[in-house]
Amino acid sequence: MNKSLVSQIRLVVIDVDGTLTDGRVILRSDGTEAKAFNVRDGMGIELAIRAGIKVIWLSGRASPVSKIRADELGVRLYQPIHDKLAFLRKYSAERAIDFRSIAYIGDDVNDIEVCTRVGLSFAVGDANNKLKEVVTCQLVSNGGYGAVREAIDKILFCD
């Protein structure tokens with residue numbers, strides 16, 4: 001991993017379903033949902049924040065469960081975001097963040113547009129093959145099983 005590229009990261013943007021989770025949404029008969037989040041990913045997010053890197057989550061679907069977990073970690077969740085590139089253009093312009101200073105972690109084809117434009121991009125281990133073709137780094141860990149921690153370790157420690 002290129003150390004100079006990694007050292008300029010100011011913002012980590014993380015897709016939720018399939019990246020922070022294994023992609024499953026468990027719908028209960030009462031209409032509530034359940035998802036599993038990995039605590040190692042949470043620790044990685046906390047380490048990034050402590051290092052002065054801003055972390056946000058983007059999701060294409062609205063989920064109260066995702067909001068609860070984001071709030072626990074002190075991360076801002078934006079949902080539902082259907083055009084992630086348009087959202088990030090606006091978000092980064094309002095905060096004067098250069099796209100080269102953004103790292104993005106995703107899992108599917110709806111992440112391709114963003115991944116081809118940011119400074120550093122990651123695909124979780126079980127990501128769609130089309131996404132894997134365009135990212136800076138393919139992770140070993142699958143979504144929901146420590147992939148976010150793996151990516152953040154690469155950013156913080158140039159692993």
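User: A disulfide is a pair of cysteine sulfur atoms within 2.5 Å. How many disulfides does a search of the whole structure find?

Analyst: This is a predicted model, in which local features need pLDDT of at least 70 and side-chain atom pairs count only at pLDDT 80 or more, while totals for chains, interfaces and linings use all residues. Residues are numbered from 1 along each chain as its sequence is written, and side-chain values use heavy atoms, with hydrogens and water left out. The closest cysteine sulfur to that of cysteine 115 belongs to cysteine 137, which is too far for a bond because the separation is 11 Å. The number of disulfides found in the whole structure is 0.

User: Is cysteine 137 buried or exposed?

Analyst: Buried denotes under 20% relative accessible area, exposed over 50%, and partly exposed the range in between, with a 1.4 Å probe and protein chains only. Cysteine 115 has a relative accessible area of 3% and is buried. For cysteine 137 the relative accessibility is 11%, and this residue therefore counts as buried.

User: How many of the 11 residues of helix 7 are buried?

Analyst: Helices (H or I, at least four residues) and strands (E, at least two) are DSSP runs, numbered from the N terminus. Helix 7 spans residues 147–157 and is mostly covered. Its buried residues include Ala147, Val148, Ile152 and Ile155, and also the charged-type names Glu150, Asp153 and Lys154. The count of buried residues in helix 7 is 8.

User: Which residues does glycine 146 touch, not counting residues up to four places away in sequence?

Analyst: Glycine 146 lies in the loop between strand 8 (137–138) and helix 7. Its relative accessible area is 8%, and glycine 146 is therefore buried. With contact defined as heavy atoms within 4.5 Å, and leaving out residues up to four places away in sequence, glycine 146 touches Asn38, Asp41 and Ser141.

User: Is helix 2 roughly parallel or roughly antiparallel to helix 7?

Analyst: Two packed helices are described by the angle between their axes and the distance between the axes. Axes are lines fitted to C-alpha atoms, for helices over the stretch in contact, and angles run from 0 to 180 degrees between N-to-C directions; under 35 degrees counts as roughly parallel, over 145 as roughly antiparallel, 65 to 115 as roughly perpendicular and the rest as oblique. The axes of helix 2 (residues 39–50) and helix 7 come within 7 Å and cross at roughly 30°. Helix 2 is therefore, relative to helix 7, roughly parallel.

User: How many residues of the contact of helix 2 with helix 7 are nonpolar?

Analyst: The contact involves Arg40, Asp41, Met43, Gly44, Ile45, Leu47 and Ala48 of helix 2, together with Ala147, Val148, Arg149, Ile152 and Leu156 of helix 7. Ala, Val, Leu, Ile, Met, Phe, Trp, Tyr, Cys and Pro count as nonpolar, Asp, Glu, Lys and Arg as charged, and the others, Gly among them, as polar. In this contact 1 residue is polar and 3 are charged, and the number of nonpolar residues is 8.

User: Which residues does serine 101 touch, not counting residues up to four places away in sequence?

Analyst: Serine 101 is located in the loop between helix 4 (84–94) and strand 6 (102–106). With a relative accessibility of 9%, serine 101 counts as buried. Leaving out residues up to four places away in sequence, serine 101 touches Gln8, Ile9, Arg10 and Leu11.
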